[in-house]
Amino acid sequence: MATIDLGKHGAHGSAPVNDDRPYHERYQAAHHFVDREHEFDAVKMGVWLFLSTEVLLFSGMFVAYAIFRMMYPDAFLSGSAHLDYRWGLLNTVVLLLSSYTVAAAVRHAQTGNQKWLQINIILTFIAGLIFLTIKGVFEYYKKYSEGLLPGKFYSYPYAENVPYEPLWWGIYWGATGIHASHVIVGMGLFAWLYVRSRKRHFGPGHYNAVEGVGLYWHIVDIVWIFLFPMLYLIH
Amino acid sequence: MASIDLGKSGALHGAHGHEHHGSYLEGKGGFWATVWDWMTTVDHKKIGMMYLVAILFMFFLGGMAALAVRLELFAPTVVDATGQISGNLLGQMFGAGDSLADSNLFYNRAMTIHGIIMVFLVIVPSVPASLGNFLLPLQLGAKDVAFPRLNLASWYIYLLGSFFAILSLLNYGVDTGWTFYTPYSTTTDEGHLRVVWMVTAAFILGFSSIFTGLNFVVTVHKLRAPGMGWFDMPLFVWGIYGTAIIQVLATPVIGITLILLLFERIFHIGIFDPRLGGDPVLFQHFFWFYSHPVVYVMILPGMAIMNELIAAGSRKKIFGYRAVAFSTLAIAGISFIVWGHHMFTSQGEVAAVVFSALTFLVAIPSAVKIFNWISTLYKGSIILTTWNLYALAFLFLFSIGGLTGLFLGSLAVDLHLHDTYFIVAHFHYVMMGGTIIAFIGGIHYWWPKMTGKMYNETVGRIGWFFVFVGFNATFFPQFLMGSRGMPRRYASYVPEYEFWHQFSTIGSGLLALGLFVHLFGFLASLAAGKKAPANPWGALTLEWTHASSPPIEHNFEHEPVVTHGPYDFDTVLPAQTKPGEYSLPRPAAPGSKYH
């Protein structure tokens, strides 16, 4: 029985105890994969499949938007007029910048540049925080205090004679709320990545997690890219 | 052991070469250590077994609710001139006999409980999560599914979803029907949380379904053993693969639908409420866009099991392997464009005509499968084990279920049969007569592999007899009643239907009896069953030819290299050494593509 193989195919991918190489170098694929490339391919496919479910999830929201936009264009126009496109635009810029930083994080993981990997993870996390702050303080809170709330909580005192405007607010809060919850989940994932990157888990041999989270973050961006014109810029 | 072997196929041996290869069922020290081991396991076999137990328990609960429904329908509820109510058997049983409204409420809730449990907690996860989990890696020659921890997560998500569903049931249940149609789901039980809990349960269970499906798609793509191409996979794997694709692509839509439904119920955002400008038919579209594909999530795994049973049960190469494989994909594809046939009465005429035409399309690949199975039986050496009896029953029952589906797909006929017992009978013939029958057959077939014990064939056959007779006695009369206009969902009926309703209720009793016979058979097997050989049926898929019964923790002693097709009974017929025991198949014959 050869023991030299323990490094490559050891029990459950753990490495020999006396190996002091960084984790991403000594990392071995989980026991049911042949090697790291095999695992990497599988993980990548899994992530893309998951992203397709995300697209389908939001597509339901977009269908609802399209239908009611066609049925009640006036309600949508009047509702949209309450939104300030400048905040939306700022948030779009923030998210686009974060797309850059997360792409950079993946690149630095691939090249093993630990310092910039960590910096970019933090920057992306901060971008998520800025997005939520703008959304929460300057938009949600303002709408909340004006009574521009969905459904039965709608109590805008100067409600013009546009029927079904509460429906628009239902869609606005629903779509942006589901999106914001994805931003929060993404920030959680970046916190997790940061902890792992501090332990030098990522490097040229092993950056699945960084890339997967990065792809997820891009989807969150793309959804916003669609939401922004649909909600803020319609005429 | 030679160290030269440490290439690709040596992976299994690297660390475990000289260790004891215990069965996956072996305990890990003490009782609590074993419990902890099961709770935290990432072994697909253990997760599959835990799913199996949970699903069978849920099947029991859902079955009890079904018996409650049948009990109420044993007699028509009649209010005589003095205001005396009779025949509301369910209400009387729960002490609400004096109030018609209250006893009807019990009926409605029992019916909803039955529907929700059977659909979301039993049939959707049934075969993929239990047998699929157990068998997929074994049949592919892999050590596990692609993402074992995700697999465990999906199990706990299933438990969490079940928890919310049961929480809702313990709070008096809901009155929405399993479809959660608005406005039932937005207006009933106002001021109570039980509908919210039930919708939350369905939402959470969706994640479990997505994760299982995602895991299986990647597993099939990435973890096939050396030598196993796409068309060397057992057809069970093809069926599970088609199912998994639907699970991944359809379930997110029910996710967003249920989120919007919760928003509607809690915030009244108005999207499904016409008073606020919304449209309840939109809910139906959203719902069926998921729930029609999910009908095939329910039936494809049943068909998947059928392939294995029919081929092994008739000792014959399956007829038209590629046709069966592609018909699986065809069903998965078509399933996404036929949702409108659930809504013939609530959409425009043109849409109804289009959906009707598309609906007929799905009959074609389904029929391809049926014809291929029948052709496989032709001149086969058919053995009448319990599981093969179930396979034959499937052919019979699913054909009835499928053909009556064509009645319902025709617009003119559907307008008469819509919302009658004809529909109830139709989908029970497909869901129970198809999926559950195949599921029970599959459990019998793989029982020796899963538990390492043989079940008693006589007990199994007796159980099969009662299930088959009971099932037909329960549901065939419902075709008759439905075609004569008996509407579905009602707690009572005019006395003309009494005979057939009583017939049906008695049938449901027989059906339950048969299922309890099986339960007894399984428990007896666990307690005192004979030890199972590795390949008791002489089948040719990898879990029988290359793994012990029960399999070791990492499935195979050596990573299997595929040398014969899954149904090559013509070239590698396993030799029967003594009754019920087969030797491993001979090497592939000269001239076969695996030689």
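Helices (H or I, at least four residues) and strands (E, at least two) are DSSP runs, numbered from the N terminus. The model described here is predicted, so local features need pLDDT of at least 70 and side-chain atom pairs count only at pLDDT 80 or more, while totals for chains, interfaces and linings use all residues. Residues are numbered from 1 along each chain as its sequence is written, and chains are lettered from A and ligands numbered from 1 in the order in which they are written.

Chain A contains eight helices and zero strands. Its radius of gyration, taken over C-alpha atoms, is 23 Å, whereas a compact globule of 235 residues would have a value near 18 Å; the globule rule is 2.2 Å times the number of residues to the power 0.38. The C-alpha trace of chain A spans about 85 × 30 × 25 Å along its principal axes. A residue is buried if 20 or more other C-beta atoms lie within 10 Å of its own, exposed if 12 or fewer, and partly exposed in between, with C-beta atoms placed from the backbone. Of the 235 residues in chain A, 35% are buried.

In chain B, helix 10 covers residues 280–314. The expected span of a helix is 1.5 Å times one less than its number of residues.

B:G401 belongs to helix 13 (residues 386–409) of chain B. B:G401 is buried because it has 23 C-beta neighbours inside 10 Å. Two residues are in contact if their C-beta atoms, placed from the backbone, lie within 7 Å. Beyond its neighbours within four places in sequence, B:G401 is in contact with B:H426, B:Y429, B:V430, B:G433 and B:G434.

| Residue | Phi | Other C-beta atoms within 10 Å |
|---|---|---|
| A:Y164 | near 70° | 19, partly exposed |
| B:D419 | about 60° | 13, partly exposed |

A:Y164 lies in the loop between helix 6 (114–146) and helix 7 (165–198) of chain A. B:D419 is placed in the loop between helix 14 (411–417) and helix 15 (421–451) of chain B.
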